[in-house]
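Please look at the sequence and the model below.

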Amino acid sequence: MNASKVAYRPVGLALGAVSGLIAGAVFKQVWKVVEGENDAPSAMDEDRSWKQILFAAAVQGAIFAVVKAAVDRSGAVATRRVTGTWPG
């Protein structure tokens, strides 16, 4: 493992936490628009249909993946600008 990967590890962990928070906030807003409800169904919500549960999970997963990729890529680009090396 080279020095830039080791140095980037804490940055990557922090960015991962930030991306989770951002993705959660984005999902809540998207869910309000799509379903008109404040709370998305959880898998254990007895009053929701399979269709609602699985749709919510798919939307949440897609949003999380896009936000995580954008945040990770931005962090790597910023690291290269500062250190001159790519952290991956």
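The protein has a radius of gyration of 17 Å, whereas a compact globule of 88 residues would have one near 12 Å. This radius is taken over C-alpha atoms, and the globule rule is 2.2 Å times the number of residues to the power 0.38. Along the principal axes, the C-alpha atoms fill a box of roughly 50 × 25 × 15 Å.

The model is predicted: local features need pLDDT of at least 70 and side-chain atom pairs count only at pLDDT 80 or more, while totals for chains, interfaces and linings use all residues. Residues are numbered from 1 along each chain as its sequence is written, and side-chain values use heavy atoms, with hydrogens and water left out.

The protein contains 2 helices and 0 strands. Both kinds of element are DSSP runs numbered from the N terminus (helices: H or I, at least four residues; strands: E, at least two). Among contacts with a separation of 6 or more, 50% join residues 24 or more positions apart; contact means heavy atoms within 4.5 Å.

Of the 88 residues, 20% count as buried. Buried means under 20% relative accessible area, exposed over 50%, and partly exposed in between (1.4 Å probe, protein chains only). The largest nonpolar core has 10 residues, including Y8, L15, F27, W31, A56 and V71. Helices α1 (3-35) and α2 (50-83) each supply at least two residues of this core. Such a core is a set of buried Ala, Val, Leu, Ile, Met, Phe, Trp, Tyr and Cys residues joined through side-chain atoms within 4.5 Å.

| Residue | Residues in contact |
|---|---|
| L15 | Y8, V71 and G75 |
| S19 | V67, K68 and V71 |
| A56 | F27, W31 and P41 |

L15 lies in helix α1. Its C-alpha atom is 9.5 Å from that of S74, although L15 and S74 are 59 residues apart along the chain. S19 is also found in helix α1. Is S19 buried or exposed? S19 counts as buried because its relative accessibility is 0%.

The accessible surface of the protein comes to about 6,200 Å², and 64% of it belongs to carbon and sulfur atoms. Areas come from the Shrake-Rupley method with a 1.4 Å probe; for residues, only the protein chains shown count as cover. V18, I22 and V26 make a nonpolar surface patch of about 200 Å². I22 is in helix α1 and is partly exposed, with a relative accessible area of 37%. Patch residues have over 30% relative accessible area and no salt bridge; like charges are joined within 9 Å, and nonpolar side chains (Val, Leu, Ile, Met, Phe, Trp, Tyr) within 5 Å. A salt bridge is a side-chain nitrogen of Lys or Arg within 4 Å of a carboxyl oxygen of Asp or Glu.

Note on methods. Lists of a residue's contacts leave out its neighbours within four places in sequence.
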